[in-house]
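Visitor: I have a structure open and would like to walk through a few parts of it. Could you help me read it?

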Amino acid sequence: MESVLQYVWKHRLYAESDFATTEGAPIFVIDAGIPNTDAGPDFFNAKIRIGENVWVGNVEIHERASDWMAHDHHKDKAYDSVILHVVGHNDASVYRTNKESVPQAVLHIPEKIAKNIEWLLSRDTPASCSGHIYKIPAIYLSDWMAALVSERLERKASDIFARLEQYAEDWNEIFYITLMRNFGFGTNGDAFEWLAGSLPYKYILKHRNNPLQIEALLFGQAGLLNVEEADCCPYCSSLCREYEFLRKKYHLKSIDGFLFKKLRTRPVNFPHVRIAQAAAIWINNDVLFSSILESDDLKEIRSFFDVFPSEYWHTHYHFRHTSDAKKKSLGKNAINIILINTVIPVLFAYGKRKNLPAYCDRALNFLEELPPERNSIATFFGNAGVPIINACDTQALIQLRREYCDKKKCLYCRIGLKVVDN
């Protein structure tokens, strides 16, 4: 109930003509204030005329007036700046710490608004508003999509910043770990990140001129090398021999191979193939992150990932299983996913961290150049009438679905506002 009152207050969905204090003084809201997501009053810097007087200060909102005392606001000086206490039910008078009374007003929610809110929040569907999206003006929807894609990049940047603190601001290491995680393509993301965490990037750099050793380090640390398999495969035998030497040299401890999921995974997505492809990228690009920073050409950056794994993997997808002969490079769609989930977020985060807006702009421009992703979320909203032109749109829709629809945060969504107010 309190969140609904906050929503109605923020968007001024109440009948302003008869809005008054509990003592009958007319209220005119000049500015509803700035929502506060931290401790303290719910809205800062509101500007309100009560009777003949204009007040500037904060607004607190509760379902019941008595919640003021229940939350000990009458003992907290942070609430002495409240100029209006907005409530759903008036069941008590409230006071500041100096015993001065705080003006109160009961916020009556219009019946139509209440019904629309109840309808939105009670529906057990992926997106309650999907049947109404096509009615929303294109410019309004476009503005919301732009805000959503920014939210998503900011959230990804926050994750990268957390890793930076862990790895002493080493951007090459962060790019390496982020890229390796995304080589799991969702299913094996955690396992690939654990693999990268167990094998510092500096060891890969030391052996960048020896492809077999880079492969040995990655397969060995993934826990996927098996001495028994090596007996019948010269390539496997070489990997095991090289890894045993490097493991002792660097005092490495591998992760467990069973962490990689293979069930119901297509051969092209088998962890063995993906590790071989990742190795090929590091073999062919020894200064990968620096090269990405220096390039504003998406085609050039794409070429960094368009590489082939070693010859053995042209006819295998596992050490024990063969496949039809094919050079198993990353496909166009897989490279797009890597660009969207690795290159663009790290570029954006780098620009934010270094206060270099050009990198943030470049990240957004790259998203606009890339085609839309093919996934169930894009299909759902596309069928609901959302125009989908590029990867900016699909990233915005992923943010919308995961952070608003799935969490039933309809009252914080601009589409939800339109539905409630119609």
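Predicted model: local features only at pLDDT ≥ 70, side-chain atom pairs only at ≥ 80, totals over all residues.

Visitor: Let's begin with the strands. How do β3 and β4 run where bridges join them?

Guide: Strand β3, residues 43–50, and strand β4 run antiparallel, and 6 bridges join them. The two strands form a hairpin with 2 residues between them, and G51 in that turn has a positive phi of about 65°. At the pairing of I50, the residue standing opposite in β4 is N53.

Visitor: And what about β4 and β5, parallel or antiparallel?

Guide: Those two run parallel: strand β4, residues 53–64, is joined to β5 by 6 bridges. If you want to find the pairing on your screen, look for N58, whose bridge partner in β5 is V82, and then for R64, whose bridge partner in β5 is H89.

Visitor: Which strand does β5 pair with besides that, going on to β6?

Guide: Strand β6, residues 104–106, is joined to β5 by 3 bridges, and these two strands run parallel.

Visitor: New topic, the helices. At what angle do α5 and α14 cross?

Guide: The axes of helix α5, residues 171–182, and helix α14, residues 332–353, cross at roughly 155° and come within 9 Å. Because angles over 145 degrees count as roughly antiparallel, α5 is roughly antiparallel to α14. The crossing in which α5 passes α14 is right-handed.

Visitor: Which residues meet there?

Guide: From α5 there are W171, F175, T178, L179 and N182, and they meet I338, N341, T342, V343, V346, A349, Y350 and R353 of α14. Sorted by class, this contact has 8 nonpolar, 4 polar and 1 charged residues.

Visitor: Where is A334, and is it buried or exposed?

Guide: A334 is found in helix α14, and with a relative accessible area of 11% it is buried, because under 20% counts as buried. The C-alpha atoms of A334 and N182 are separated by 9.9 Å, although the two residues are 152 residues apart along the chain.

Visitor: What is the phi of R12, and where does R12 lie?

Guide: R12 has a phi near 50°, a positive value in a residue other than glycine, and R12 lies in the loop between α1 (2–10) and β1 (27–31). At 28% relative accessibility, R12 counts as partly exposed.

Visitor: Last one: is N188 buried or exposed, and what is N188 in contact with?

Guide: N188, in the loop between α5 and α6 (189–198), counts as buried at 3% relative accessibility. Leaving aside its neighbours within four places in sequence, N188 is in contact with L259, F260, K261 and P271.

Notes: Residues numbered from 1 in each chain as written. Heavy atoms only, no water. Axes fitted to C-alpha atoms, helices over the stretch in contact; angles between N-to-C directions. Helix = DSSP H or I, 4+ residues; strand = E, 2+ residues; numbered from the N terminus. Parallel < 35°, antiparallel > 145°, perpendicular 65-115°, else oblique. Left-handed = near helix turned anticlockwise from the far one by under 90°. Contact = heavy atoms within 4.5 Å. Nonpolar A, V, L, I, M, F, W, Y, C, P; charged D, E, K, R; others polar. Pairing = 2+ DSSP bridges. Buried < 20%, exposed > 50% of the residue type's maximum accessible area, 1.4 Å probe, protein only.
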